[in-house]
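Reader: I have the sequence and the model open. Please take me through the labels and show what each one rests on.

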Amino acid sequence: MTETPRTPRTPLTLAQVEATARAAHAGQTDKAGRPYAEHLRAVAEGVRERGGDEDQIAAAWLHDAVEDDALSPQWLREAALSSRTKDIVLAVTKRAGEPPEAYAARILATPGAPLVKEADLAHNADPARLAVLDEATRMRLTEKYARMRALLGQSDAT
């Protein structure tokens, strides 16, 4: 039996990745009630501003897609994306019941992932975003983000 050769697929462009992420999260809002795509754009821009490459920017657009069930793990496996982009997305995808230490260790062990998580945390911890939340939520999230930055060895000034 001969194997049919696989035709290499053209990788998705960053514009296609952005469109996919926006479509996947359409109708979703963040904790402040803003369109979720604003967060994705901010993280992608944060990665770009921090010197991230195309794989990292693509992962930034997709960083919450699997975690939020906006896209399936199967979609990610089969997507025309680099294996590095896929690895970063999986590294930053939280798993149910996973301790923060294990989550941080996986991010640190995945090349390119710490920068994506840094940009994500920076936007999540933006005082302007947190200011619209009730005090209890703001305090809980501020502590959560500071703890994750500490586990990742990132400074508070991101």
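Predicted model: local features only at pLDDT ≥ 70, side-chain atom pairs only at ≥ 80, totals over all residues.

Reader: What makes H5 roughly antiparallel to H6?

Author: H5 and H6 pack at an angle of about 165 degrees, with axes 8 Å apart. The cut-off for roughly antiparallel is over 145. H5 therefore counts as roughly antiparallel to H6.

Reader: Which residues make the contact between H5 and H6?

Author: Leu90, Ala91 and Val92 come from H5, and Tyr103, Arg106 and Ile107 from H6. The classes here are five nonpolar, no polar and one charged. H5 passes H6 in a left-handed crossing.

Reader: And H6 with H7: what is the angle, and why is H6 called oblique to H7?

Author: The angle is about 125 degrees, and the axes are 7 Å apart. Roughly perpendicular ends at 115, and roughly antiparallel needs over 145. H6 is therefore oblique to H7. In this pair, Tyr103, Ile107 and Leu108 of H6 meet Ala113, Pro114 and Lys117 of H7. Again by class, the contact has five nonpolar, no polar and one charged residues.

Reader: What makes a set of residues a nonpolar core, and how many residues has the largest one here?

Author: The members must be buried nonpolar residues joined through side-chain atoms within 4.5 Å. Buried means under 20% relative accessible area. The largest such core has 40 residues. Val47, Trp61 and Leu62 have the most contacts inside this core.

Reader: Which helices supply at least two residues each?

Author: They are H1 (14-24), H2 (36-49), H3 (54-62), H5, H6 (100-108), H7 and H9 (135-151). The largest share, six residues, comes from H3. As background, nonpolar side chains in soluble globular proteins tend to be buried together.

Reader: What does Leu62 touch, beyond residues up to four places away in sequence?

Author: Leu62 touches Val17, Ala21, Leu71, Trp75, Leu81 and Val89.

Reader: Now the loops. Where does Arg50 lie, and why does Arg50 count as partly exposed?

Author: Arg50 lies in the loop between H2 and H3. Its relative accessibility is 28%. Buried would need under 20%, exposed over 50%. Arg50 falls in between, so the label is partly exposed. Arg50 and Leu115 are 65 residues apart along the chain, yet their C-alpha atoms are separated by 7.6 Å.

Reader: Is Ala109 buried or exposed, and how do you know?

Author: Ala109 has a relative accessible area of 62%. The cut-off for exposed is over 50%. Ala109 is therefore exposed. Its place is in the loop between H6 and H7. Along the chain, Ala109 and Ala91 are 18 residues apart, with 8.5 Å between their C-alpha atoms.

Notes
Residues numbered from 1 in each chain as written. Heavy atoms only, no water. Buried < 20%, exposed > 50% of the residue type's maximum accessible area, 1.4 Å probe, protein only. Helix = DSSP H or I, 4+ residues; strand = E, 2+ residues; numbered from the N terminus. Contact = heavy atoms within 4.5 Å. Axes fitted to C-alpha atoms, helices over the stretch in contact; angles between N-to-C directions. Parallel < 35°, antiparallel > 145°, perpendicular 65-115°, else oblique. Left-handed = near helix turned anticlockwise from the far one by under 90°. Nonpolar A, V, L, I, M, F, W, Y, C, P; charged D, E, K, R; others polar.
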